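Student: Could you walk me through this structure? I'm new to it, so please spell out any terms as we go.

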Amino acid sequence: MRETTGTSGISAGRRPEDGPRAGGDEAVRRSSLGLSAALLVQYALGLWVSLYVTVPARDQGSGVFAAVGRALANGPAALAVHAGLGLLLLLGSIVLVVRAVVDRAGFFVVTSVVSLLAVLGAAGSGAAFVNNGQDGASLTMGLLTAVALLCQLINLFRLSAHRSVG
């Protein structure tokens with residue numbers, strides 16, 4: 001079936017929920033690639049912090065939000081960088097969801113929302129780890145980071161398949 005483009009910029013014979021428009025594809029692709037790289041760096045930093053950094057006792061038991069603030073403000077440096085990158089990942093994940101929603105890209109909305117929820121869960125688990133020092137919170141943080149990364153890789157795979165067909 002040959003597609004024709006109307007004045008709306010959406011190809012005739014192609015529904016908006018089939019995937020993002022050409023301009024939207026590139027924005028989602030770049031965002032997913034950037035988030036994938038940042039998630040890998042975050043994962044490596046998390047491993048480093050888990051193995052080699054001791055969370056200061058003063059940061060424990062003060063509540064989840066206070067723990068994040070103290071991690072950013074009082075270090076150790078690796079923990080502060082890890083927490084800061086986590087906040088940037090959260091912001092980048094929100095931007096990707098907004099891009100996918102604005103583009104009416106149903107598939108990418110779903111994968112991007114799942115990724116955002118995983119990043120939120122990882123951030124909460126990280127804050128809980130700083131607050132209480134329990135290994136289960138650290139494990140949950142790592143597993144949720146892997147889920148977020150998988151969602152971004154699925155986006156990239158879907159976009160590469162879409163490009164090779166078009």
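Student: Let's start with Phe-107: is it buried or exposed, or something in between?

Tutor: Phe-107 counts as partly exposed, because its relative accessibility is 29%; buried means under 20% relative accessible area, exposed over 50%, and partly exposed in between, with a 1.4 Å probe and protein chains only. Keep in mind that this is a predicted model, in which local features need pLDDT of at least 70, side-chain atom pairs count only at pLDDT 80 or more, and totals for chains, interfaces and linings use all residues. Residues are numbered from 1 along each chain as its sequence is written, and side-chain values use heavy atoms, leaving out hydrogens and water.

Student: What sits over the ring of Phe-107?

Tutor: The charged end of Arg-158 does, 4.0 Å from the ring's centre; a charge sits over a ring if NZ of Lys or CZ of Arg is within 6 Å of the ring centre and within 35 degrees of the ring normal.

Student: And how many aromatic pairs are there in the whole structure?

Tutor: A search finds two, where rings of Phe, Tyr and Trp (its six-membered ring) pair if their centres lie within 6.5 Å, with planes under 30 degrees apart counting as stacked, over 60 as edge-to-face and the rest as tilted. Trp-48 and Tyr-52 form a tilted pair, 4.5 Å centre to centre with 50° between the planes, and both lie in helix 1, four residues apart, which is about one turn of the helix. Helices here are DSSP runs (H or I, at least four residues), numbered from the N terminus. The rings of Phe-107 and Phe-108 have centres 5.3 Å apart and planes at 90°, so that pair is edge-to-face.

Student: Is Phe-108 buried or exposed?

Tutor: Phe-108 counts as buried, because its relative accessibility is 3%.

Student: New topic: which residues touch the most other members of the largest nonpolar core?

Tutor: Of its 18 residues, those are Val-28, Leu-39, Leu-89, Phe-108, Val-119 and Ala-148; a nonpolar core is a set of buried Ala, Val, Leu, Ile, Met, Phe, Trp, Tyr and Cys residues joined through side-chain atoms within 4.5 Å. The elements giving two or more residues to this core are helix 1, helix 3 (77-102), helix 4 (106-132) and helix 5 (135-165), and helix 3 supplies the largest share, six residues.

Student: What does Val-28 touch?

Tutor: Leaving aside residues up to four places away in sequence, Val-28 touches Leu-96, Phe-108 and Leu-159, where contact means heavy atoms within 4.5 Å.
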